[in-house]
Amino acid sequence: MRRLALALMLGVAAPAVAQEQASLDRLADALGYRFTIVDNQPKNCPGSGGCFLSDVTLTIPADLPAGMERPEIRFGFVSRILSIDSDTFDSRLINGDLNALTLKPGKRLEPGRSYRVRILGSGHYFARVYAMPNAHLVVPGLEPRVIAASRTGVDAETGLETLPFVPPMRDPALANNSSADQTRWLTPERAFERYAARGQAVTPDVVILPKPASVRRLDGAATDLTRGMRVTVSGFSRADLAPALAAVSGEVARGGVPVRITRARNLQSEGYRLHVADGSIRIEAADAAGANHALRSLAQQARYEAGHVRPLLVEDAPRLAFRGLHVDVARNFHSKAEILKLLEQMASYKLNKLHLHLGDDEGWRLEVKQLPELTEIGGFRCFDPSERSCLQPQLGADPSRDAPTNGFFSQADYLDILAAAKARQIEVIPSFDMPGHSRAAIRSMEVRYERLRAAGQLAEAERFRLREPADTTRYRSIQNYDDNTLNVCREETYRFLDVVMDEVAALHRRAGTPLTTYHIGADETAGAWSESPSCQAMMARTGLKPQQLGAHFIERVANDLAAKHILVAGWSDGLGHTAVARMPRQVQSNIWGGLFTGGVAEAHDQLNRSWRVVLSIPDMGYLDMPYAPDPEERGYDWAAREVELFQMFAFMPDNLPANGSLRTNILNQPVPLKDEKPRQPDRNVMGMQAQLWSETVRSDAQVDYMLFPRLLGLAERSWAAKPGWEPAYVAGTSFAFGDGKVNLAAVQADWREFVGRAGAALRQLDRSGVAYRLAPPGARIAAGRLEANSELPGVPIEYRSGSGSWQPYAGPVAVRGSVSIRTRSPDGRRPGRAVTVENR
C-alpha cells in the first residue's frame, strides 16, 4: 500500500505526505518533456536489424520542489533500447514497452537545467506516432503522475490526435533506414504526380459499391422512394431485414412504393436480383444475406438519385465467401458504440465477418462471469506496480480508469453487439490470443490465485492459475514481455480455456447466433517452457520435443473446439507448425506473412493442406499501417511503408505472385515476387480480411480514420467479380514490378470507375458520422501558379498563403511564396490535415 494511502488510514504524518504528493504534482505539471527522432541510419548498429537514434529532453523547472530531485521517469518505447548516452541517467526495462530513466548514484535534478538522454533503439522510427505519450514520474510512497507535457492533444480543426511533445520530422533522410531503402516521403508534389498518372475519375451512373456482377438500365420513369415503401416479405423474417430496410426509406401503410422481397432457389449463396421499374421494386434473394445486400445496393443508389431511382436490373453475388474486418480492442479499448457503427458500415458494403480481438497482453475486454478478475484487472491500466488492481501502463496508455483506452464489454454489451451483427447477417468471430500474447489473462488469474489463497481456498486458487512458479525459463516476446505466454503443459491452462470458450459460446446461443468459429491466435509464441517442470514431465511422458510444444497446444485446442462443433481459426505462423493429421478436418488459417517475406508460399502451403485460407496479408490488409510514407501519418510500418486505397483496390487474391507486377517491396525496390511453393489445382482462397491492430490507435475517431476509405477497397476486391486484368494463376510464374504481365492501363481504367463510386460513398460516410481520412491533396506550384488534385472526386480543396484565410480551390491560381493546402469533407464539416507546397 502506498505511503499516502497508509498515512491517511492511520491518521499520522498525513500532512507531510500530502505535501510531498503536491510537490510531485507540481513537478509533473511543470516538467518539460520532448521526444525527438534524430537519425534512422546511425553508424555501427549492433546486430542485423538496424537501429535509430532518438533524444528525450527533460527541462527542469526553475522552482523545482524540494524533495523531488530524484524521481524516476517511466515512458513507453516500443522498440528495444540498445543503449543510452547520458551522464545523469541510466535506463532499465520494466516490461513490454514500459521503460524507466533512473538517476545515477549521486546525481540529482538541478533547477532550471535541461537534460538530453540519447537513446539507441532497435529498428527505426519513420513517423512521429511511434513516440508514446503519457510518460510519468514515480517517487516511492507517492502516487505516480503523468508528465503534463507528454500528454496527447487534439487539433481544434481536424479533431485528430496530436503529439505536442514530438517535434516535426523535416529531414528527408529520416525516411530511410539504409542506402538500399528507396522510399521517399509522399510530398504534395509527388502526390500530385501520382493522382494525375491515375487519371480523372469517371462520373458514375450507378454508384453501388462493391460493384455488382451485372447492372442494366431499363426503360421507363423513375420510382419515387421519397414516398416511403410498402414492403411484403416472403421466405424471410422481417427482423433479419430491419436495418437494411431502414437504410432505404421509411415504411408507410399506404401510398408508398410497393417492395416485394422473395426467396429464389436458383441464386448463389448471398446472391440477389434487384428490379426497379414501373413504380415498384422486386427483390429475389438466395437467403437473408442476399436480401440484405439487395436492400443496401438499393439504398446507395436511392441516395445518389435523391430518392428517384431510374429503372434498373441488378444481378449480383459475391466473389469470395469470407469478407472480413478484424478490430483489436485489446491493445487499446474501443467503445461498443464504435463497434455498432462499424457493423452498420460493414453491412452497407457487404462485409460479413467481424473478427473481434478481445484479449492480448495489454488487455482483456470481455466479461467472464466465472472469472471476474479478467476484466476487473485485465480491463484496465493504471499506476499499480504490483498489478493487483490493474495492469501497468503499456503503449502510452492514459492511466485514468475512465480513459477511453480502458474498459471492457460487459456480457450485456456483447449481446448487443451480437444482436446488431445478426440483424445484418454478419458473423462475429471472437478472439483471445493464446498461448502467446496472454499477459492480461496471466496477471488477472494470478490476482485471483492470491485472493483465494489468502482466504484459505488453495485448491480453488490453483484451478485456473496460469503461472507455474517453478518455471525458471527466461524469454522475451516480440513485444518485449517476459511473462506473456500460457504454459501449454499445465491442465490449469486448458481448464481456463474451457471456461472462457463455454461462456462465450453460451452468449452466442443466447443471442440466437451460435458460435461457429473461434480464433485462438497462436502467433508469435516466444521461446517459453524450456525450464518448466510441467513441460519437462510432459516431454518425458509423450516424447515431444521442446519445439513441438506450441503445435501440441494448437492441436489439442483445435480438437477440443471441433468436439464442440466450433471451427478453429488462427494465424498462419502458429498453425503452420502443426501436423495436418493431428488437426481437425476443417481449419481456418489467416495468412499474415508479407507478400515479399514468405506470405505467398505460406498461403499456398496451407491451401494445399485443404484448409480454409483467409488472406490477412499485412502489406495489403493491415490498416494499422500508414496510408502513405509520411512522418505525420499514423501507424506502425514494420510490414509496409504505405497501405493505400489503390493498393487494396488492385490486389489480386487469386494470383498472389501477380501482385508483384504492381508493387515494390518494403524498401520500394522492384524485386521479383516468386511462386516458390505452387498451390495445387482447385485450391482457392476463401476470403480476405482487413486488420486494425490498435497499438497506436487510442480513440474511436482514429479507428474511423485508419479504416476508411481503405475498407472500401477491400469490400470491392472481395465481392466484385474477378477483373479482366487479374491474370489466371499459372503455377511457378514469377512477377516483378513494371514487368507488364498485369495490364496497368486496364487497372487504372477500372480504378477511375471505382473512385467515382467511392467518392459518392464519402457522402454516406459523412451522414453516418464516420470520421474517415481526408487525404491531403496533391499539389505543385509551376510558374507561380498553384495546381492541385485529390485522391477521390467530390472532395473540396482549400488553400491559403501564410496565415491568411482559407480559400476554395477551383483551378490553377497565381500564388506568392509557399502555400498551405488541404481537403474538406463533401458535407463541408471537416477539414483534413494541411500540408505545405513549396514555391521553388
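**Note on helix packing and aromatic pairs**

1. Helix H6 passes helix H18 in a right-handed crossing. The model is a predicted one. H6 covers residues 336-348 and H18 covers residues 700-707; the two pack with their axes 10 Å apart, at an angle of about 25 degrees. Angles under 35 degrees count as roughly parallel, and H6 and H18 are therefore roughly parallel to each other.

2. On the H6 side of this contact are Glu-338, Lys-341 and Leu-342, which meet Asp-700, Val-703, Asp-704 and Leu-707 of H18. Sorted by class, the contact of H6 with H18 holds four charged residues, three nonpolar and no polar ones.

3. Aromatic pairs were searched for over the whole structure, and 26 were found. One of them joins Tyr-125 and Tyr-130, which are stacked, with 4.8 Å from centre to centre and 25 degrees between the planes. Both Tyr-125 and Tyr-130 are buried. These two tyrosines also belong to one aromatic cluster with Phe-35, Phe-52, Phe-75, Phe-77 and Tyr-636.

4. Phe-649 and Trp-751 form an edge-to-face pair, 5.6 Å centre to centre with 65 degrees between the planes. Phe-649 lies in helix H17 (residues 645-649) and Trp-751 in helix H20 (residues 744-767), so this pair ties together parts that are 102 residues apart in sequence. Phe-649 and Trp-751 are each buried.

5. Ala-505 is placed in helix H11, residues 491-510. Its relative accessibility is 8%; buried means under 20%, so Ala-505 counts as buried. Between Ala-505 and Gly-759 there are 254 residues of sequence separation and 40 Å in space, C-alpha to C-alpha.

Technical notes
Residues are numbered from 1 along each chain as its sequence is written. This is a predicted model: local features need pLDDT of at least 70, side-chain atom pairs count only at pLDDT 80 or more; totals for chains, interfaces and linings use all residues. Side-chain values use heavy atoms; hydrogens and water are left out. Axes are lines fitted to C-alpha atoms, for helices over the stretch in contact, and angles run from 0 to 180 degrees between N-to-C directions. Helices (H or I, at least four residues) and strands (E, at least two) are DSSP runs, numbered from the N terminus. Angles under 35 degrees count as roughly parallel, over 145 as roughly antiparallel, 65 to 115 as roughly perpendicular and the rest as oblique. A crossing is left-handed if the near helix is turned anticlockwise from the far one by less than a right angle, and right-handed if clockwise. Contact means heavy atoms within 4.5 Å. Ala, Val, Leu, Ile, Met, Phe, Trp, Tyr, Cys and Pro count as nonpolar, Asp, Glu, Lys and Arg as charged, and the others, Gly among them, as polar. Buried means under 20% relative accessible area, exposed over 50%, partly exposed in between (1.4 Å probe, protein chains only). Rings of Phe, Tyr and Trp (its six-membered ring) pair if their centres lie within 6.5 Å; planes under 30 degrees apart count as stacked, over 60 as edge-to-face and the rest as tilted.
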